[in-house]
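Please open the structure in your viewer and keep the selection tool at hand.

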Amino acid sequence: MSYLGVNHDKCILCGVCVDSCPFGALKITGKLEVLDSCRLCKVCIKVCPEKALSVAEGSLTKSDLSSYRNVLVFAEQRDGELAGVVFELIGKGRELADKLGEQLNVVLLGHKTESMVEQLSKYPVDSIFVYDHQELTYYRPQPYASALEDLISHIKPSIFLIGATHVGRSLAPRIATRLRTGLTADCTVIDVKPNGELVQIRPAFGGNVMAQIVTPNHRPQFATVRPKVMQAAELAPSHPTQVIYRELEPEKLLSNISFLSIEPKPKETSITEADILICVGRGLRKAEDLAIVEELAEKLGGMVAVTRPLVEAGWAPQTRQVGLSGRTVRPKLFIACGVSGAIQMVAGMSGSEYIIAINKDKNAPIFEVAHLGLVGDMYEILPALVEELGRTLTKSKESR
Ligand SMILES: Cc1cc2nc3c(=O)[nH]c(=O)nc-3n(C[C@H](O)[C@H](O)[C@H](O)COP(=O)(O)OP(=O)(O)OC[C@H]3O[C@@H](n4cnc5c(N)ncnc54)[C@H](O)[C@@H]3O)c2cc1C
């Protein structure tokens, strides 16, 4: 891997390179520092009067690899609340750490973190590393990346897992670049070989291939994991957990972004949180017919989800799309109506507890993942279901 190397013995800190860098990627902080915005354009190399800069090639040696141990999980929080994916990462992280006979550690960044630390310590975590600073209250890429870089260079984890959320997707590549290691985004399966090599599996080529990615020469082995794909950890209140507070130098907390005000978005329940989902596909003839699906969802206390063609037709928002390019869901009950079961769609729902499929084509692939299949016309089955549910609900109200 190529990077900009600085020969600090030759560098006289004249600042010519800093002024010439089109990406603002050089900084003098006692010594010349190369920031992660460096694009290796080589302008600085040309202007340096002391020939102190050059393109360097770097890779870690085997002995470097052996100095990395343990699994680290990023505990993402928003407004003092831990993201659901954190508990899924703890579940997976614990499994990996146990397989390797190593520790599972968690890192939490934020402000007024006490209740989150308490919550995390009820899970099977060995150590919680906390950076509690006002500047870390909300996600800002620079200080967050600096804190994680600080911790990783200190504890040297062999494996680092982050949720593939909006924050995770912004943060993970920054840290991977700073640490000059690889990153596998959006993993759906993760395992570890006895030699400690992390096998990072994710769909590729539109979901037609499951790519297995390893990071043989660099550490940490670094992956983002989609929410709702892994099983959440069980509580383990008797598991001993150590809490370690760490400080960050004030200049590392600086950011070009400041919060002027926070406007809370109206809370929309996400399909990823629903226990019951009625997912409708291209079997639906027109947008108005969504009403019958919505009625069924209402009767069952669930939500309506859709396949991609319905989003493309403008019949539903993208936030309702299940699948590879939509959301991954794991409800207790998933009813697929007029859905063929394309691989890209199934990738987002196959972890559902119970799947019912309604399709008029008995050979539709959706029946391969369904626990119960109804071969028939959804335009006949759905109204009948709604009517029957209506009768049952009225009866149960009367008998109360
Ligand atoms: C890179 C990539 C990413 C993708 N990501 C996603 C994704 O995230 N989510 C997604 O959904 N798709 C995704 N797709 C598209 C995917 O390949 C399929 O095209 C899509 O899932 C098909 O949607 P469908 O099942 O609604 O439609 P169709 O495949 O057209 O199936 C419609 C089904 O309805 C049945 N049907 C028709 N009428 C009735 C009726 N009256 N009663 C009962 N059954 C009926 C038919 O028999 C058929 O099986 C992606 C594709 C690519 C290439």
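Begin at the ligand and select Ser325: an N or O atom in the side chain of Ser325 is 2.8 Å from a nitrogen atom of the ligand. Bear in mind throughout that this is a predicted model. Next, select Leu324, where a backbone N or O atom lies 3.0 Å from an oxygen atom of the ligand. Then select Lys360, which has a polar backbone atom 3.2 Å from a nitrogen atom of the ligand. Which residues come nearest to the ligand? Of the 26 residues around the ligand, they are Arg282, Thr307, Gln321, Ser325 and Ser340.

Now widen the view to the whole chain and colour it by domain. The domain assignment gives domain 1 (2–57), domain 2 (62–253) and domain 3 (276–398). Between the C-alpha centres of domain 1 and domain 3 there are 57 Å.

The next selections concern pairs of charged side chains. Side chains of opposite charge can pair when their charged atoms come close. The structure holds 19 salt bridges. Select Asp377 and Arg285, whose side chains meet in a salt bridge at 3.8 Å, N to O. Asp377 lies in the loop between strand 21 (372–375) and helix 12 (378–398), and Arg285 in the loop between strand 17 (276–280) and helix 8 (290–300), so this pair ties together parts that are 92 residues apart in sequence. Is Arg285 buried or exposed? Arg285 counts as exposed because its relative accessibility is 56%, whereas Asp377, at 24%, counts as partly exposed.

Move on to Glu102 and Arg69, which form a salt bridge of 3.6 Å, N to O. This pair links distant parts of the chain, 33 residues apart: Glu102 is in the loop between helix 4 (84–100) and strand 8 (104–110), and Arg69 is in the loop between helix 3 (62–66) and strand 5 (71–75). Glu102 is buried, with a relative accessible area of 16%, while Arg69 is partly exposed at 42%.

Select helix 4 next. Its 17 residues should span 24 Å at 1.5 Å a residue, and the 25 Å between its end C-alpha atoms agrees with this. Because 13 of these 17 residues are buried, helix 4 is largely enclosed by the rest of the structure. After helix 4 comes Gly101, which has a positive phi, near 65°.

Arg94 is in helix 4 and Asp126 in the loop between helix 5 and strand 9, so the pair ties together parts that are 32 residues apart in sequence. Both are buried: Arg94 has a relative accessible area of 12%, and Asp126 has a relative accessibility of 16%.

Finish with Val125, in the loop between helix 5 (114–120) and strand 9 (127–132). Why does Val125 count as buried? Val125 counts as buried because its relative accessibility is 0%. Leaving out residues up to four places away in sequence, show the residues that Val125 touches: Ile90, Arg94, Leu104, Val106, Leu120, His239, Pro240 and Thr241.

How values were computed. Residues numbered from 1 in each chain as written. Predicted model: local features only at pLDDT ≥ 70, side-chain atom pairs only at ≥ 80, totals over all residues. Heavy atoms only, no water. Helix = DSSP H or I, 4+ residues; strand = E, 2+ residues; numbered from the N terminus. Buried < 20%, exposed > 50% of the residue type's maximum accessible area, 1.4 Å probe, protein only. Contact = heavy atoms within 4.5 Å. Salt bridge = Lys/Arg side-chain N within 4 Å of Asp/Glu carboxyl O. Domains from an automatic or database assignment. Expected span 1.5 Å × (residues − 1). Near = heavy atom within 4 Å. Polar contact = N/O pair within 3.5 Å; in protein donor to acceptor, adjacent residues only side chain to side chain.
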